[in-house]
Amino acid sequence: MEKRRITILGSTGSIGTQTLDVIRRHRDMFEVETIAAGSNAGLLIEQALEFDVNNAVIADEAKYKTVADALQARGIKVFTGEDSLCSLAAADNVDMVVGAMVGFSGLRPVLAALDAGKVVALANKETLVAAGAIVTAHALRHGGRILPVDSEHSAIFQCLQGANGNPIEKIHLTASGGPFRSWERERIAKVTAADALKHPNWNMGAKVTIDSSTMMNKGFEVIEARWLFDVQPERINVVVHPESIIHSMVEFADGAVIAQLGCPDMRQPIGFALSYPERVSVGNRKLDFAELASLSFSSADTERFPCLALAYEAIRRGGNIPCAMNAANEVAVAAFLQGRIGYYDIARIVEDGISGADFAASPSLDDIFATNEAAAARARKLL
């Protein structure tokens, strides 16, 4: 495999730092060209120096001088602003872009990379949730390619390597069930952000962890799977699997099911995307089947976790509705993390965002940005 030049959008977050850990183990295979962060200037500087990158982007303009002063002596170029991010994601000296930014802000840079024919290792859920039809069309039109980094979608992608071209009958997306899997609704209604941030199996950023607890994260994954694998939502099933050993399954016409298994560690799907079609060691713990007492499964409960049902409703309605849902959810989760609203208020705000959106059946990119802005403003007003 030729050495691959990597740009990481969101290098200081959970996915970004684990991506750099994989690269750290294989310096002969990967070279980091550009890294970008939101506001964590200190860690961005450390990463830039360790990996001797050519470019660093800090979204927080107030911290630009701090980063630029720290990296000037090494000749590392420092940028700020979305335009710079898009230009660097599309640069000729980049082979792969890791989309690890959290939220709607990842959309434009990912589109810029795909329009430049890049391979995008995509971890940013909101990109496909908000604009799945547009993103996949851009990839097809310009020769870009999306490789999934989410453990569930990576699992589906890996299962399909053994499908020999046979069509998917059904996708089974597994969910851990989060920290409140066995709790009654009345108890869940009283939880705080600190409670919801205690995920039993995965180490993720705050926003993703809250989404996981509400099962909105799984709803996002249903929408992502619809676009990544061209499967209608009624053929995408969510099954609760608290051990998080099976990361997802694909069922075929004859009833055969192929599953991908592994210990819960995001470095495995990250490494698979970075080195595809090869596989590399990533330092993760390997499965010991003799230690597996059991693997259990149950149906998802949309009464206790209504965000999952709202996501299914959004993708069935289609158009710009998933975008409105995502925007409302971003505002609601931020408010919950600040202690401004209760746990089930998240679903109420999302439901209002869906019902209050002006429907566009085939939205343009401008429509998507307008929908995002309008739905976020509506959610903030509802707060």
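This is a predicted model: local features need pLDDT of at least 70, side-chain atom pairs count only at pLDDT 80 or more; totals for chains, interfaces and linings use all residues.
**Backbone geometry and helix packing: group meeting talk**

Asparagine 164 has a relative accessibility of 74%, and since the cut-off for exposed is over 50%, asparagine 164 counts as exposed.

Asparagine 164 sits in the loop that runs between helix H7 (151-160) and strand E8 (170-175). Its phi is near 55 degrees, a positive value in a residue other than glycine. As background, most residues other than glycine have a negative phi, and most peptide bonds are trans.

A second residue of this kind is aspartate 52, which is not a glycine and yet has a positive phi of about 45 degrees. Aspartate 52 belongs to the loop between helix H2 (41-51) and strand E3 (55-58). Is aspartate 52 exposed, partly exposed or buried? With 46% relative accessibility, aspartate 52 counts as partly exposed.

I turn next to the peptide bonds. Which residues does a cis peptide bond join? The two are tyrosine 276 and proline 277, with omega at about 10 degrees. Proline 277 is placed in the loop between helix H12 (267-275) and strand E12 (298-299).

Now to helix H14, residues 321-337. Just after H14 comes glycine 339, whose phi is positive, at about 80 degrees.

Finally, a helix pair. Two packed helices are described by the angle between their axes and the distance between the axes. For helix H4 (residues 82-89) and helix H5 (residues 107-115), the axes come within 8 Å and cross at roughly 30 degrees. Angles under 35 degrees count as roughly parallel, and H4 and H5 are therefore roughly parallel to each other. The crossing in which H4 passes H5 is right-handed.

Which residues make this contact? From H4 they are Glu82, Leu85, Cys86 and Ala89, and these meet Arg108, Pro109, Ala112 and Ala113 in H5. Sorted by class, the contact of H4 with H5 contains 6 nonpolar residues, 2 charged residues and no polar ones. On the spacing within such a set, an α-helix has 3.6 residues a turn, so residues three or four places apart point the same way.

To close, I would direct you to the cis bond between tyrosine 276 and proline 277, and to the positive phi of aspartate 52 and of asparagine 164.

Definitions and conventions:
Residues are numbered from 1 along each chain as its sequence is written. Side-chain values use heavy atoms; hydrogens and water are left out. Axes are lines fitted to C-alpha atoms, for helices over the stretch in contact, and angles run from 0 to 180 degrees between N-to-C directions. Helices (H or I, at least four residues) and strands (E, at least two) are DSSP runs, numbered from the N terminus. Angles under 35 degrees count as roughly parallel, over 145 as roughly antiparallel, 65 to 115 as roughly perpendicular and the rest as oblique. A crossing is left-handed if the near helix is turned anticlockwise from the far one by less than a right angle, and right-handed if clockwise. Contact means heavy atoms within 4.5 Å. Ala, Val, Leu, Ile, Met, Phe, Trp, Tyr, Cys and Pro count as nonpolar, Asp, Glu, Lys and Arg as charged, and the others, Gly among them, as polar. Buried means under 20% relative accessible area, exposed over 50%, partly exposed in between (1.4 Å probe, protein chains only).
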